[in-house]
Amino acid sequence: VDEETSDAILKLLAVLDPYFGAQCFPKSKYVDSKTEDILINILLDKVKTHNLFSVLYKTLDAFVNLKSEKALFPLIEFFGKCNEQTYVYLIVRTICELYSERAVEPLLKLLNISQNELTLMFAACGLGELRSEDAIEPLILLLEKSKSEQTKIEASSALCQLIPKDKENII
């Protein structure tokens, strides 16, 4: 199919079945940025408005399939406002899986501005998974300021993940 038809098919899929549309997105010959925006907005709306675990899981999986850079900051923004532990965990996993180094700065920002222990805990967990050296000082500060033992454990664990593999057996 030509580029125009490819885009039209994906636009139709975004409305009819955004999950399948997200699976097709990386395989499409051409996708207009407006079509990408439509699909991202439909998926973000599902993340924000559905409280069924299965819907959220399926939607975040669609973001992984979509592999769109445009979804990073809306997902991070939603993550910062979410208070449901399972959802926060899934969102962090999605962000880390999708964006690796691009996710470091927004997660670091959340460590600095959030007062929500759940957000802090999972942001620390995500930073550990991303293994960014930029996270060392903020994670140490989180250890010092947090009142939650679980957050301190996650910050400590994240710091341990930052130790280079060849240095683990020094002690």
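**Helix packing**

In helix α8, Glu117, Leu120, Met121, Ala124, Cys125, Gly128 and Glu129 meet Gln150, Thr151, Glu154, Ala155, Ala158 and Gln161 of helix α10, where contact means heavy atoms within 4.5 Å. By class, this contact of α8 with α10 has 6 nonpolar, 4 polar and 3 charged residues (Ala, Val, Leu, Ile, Met, Phe, Trp, Tyr, Cys and Pro count as nonpolar, Asp, Glu, Lys and Arg as charged, and the others, Gly among them, as polar). The model is predicted, with local features needing pLDDT of at least 70 and side-chain atom pairs counting only at pLDDT 80 or more, while totals for chains, interfaces and linings use all residues. Residues are numbered from 1 along each chain as its sequence is written, and side-chain values use heavy atoms, with hydrogens and water left out.

**α8 and α10**
- The axes of α8 (residues 117-130) and α10 (residues 149-161) come within 8 Å and cross at roughly 10°, the axes being lines fitted to C-alpha atoms, for helices over the stretch in contact, with angles from 0 to 180 degrees between N-to-C directions.
- The two helices α8 and α10 are therefore roughly parallel to each other, a term for angles under 35 degrees.

**Serine 156**
- Serine 156 counts as partly exposed because its relative accessibility is 30% (between buried, under 20% relative accessible area, and exposed, over 50%, with a 1.4 Å probe and protein chains only).

**α1 and α3**
- The axes of helix α1 (residues 3-16) and helix α3 (residues 33-49) come within 9 Å and cross at roughly 15°.

Conventions:
Helices (H or I, at least four residues) and strands (E, at least two) are DSSP runs, numbered from the N terminus. Angles under 35 degrees count as roughly parallel, over 145 as roughly antiparallel, 65 to 115 as roughly perpendicular and the rest as oblique.
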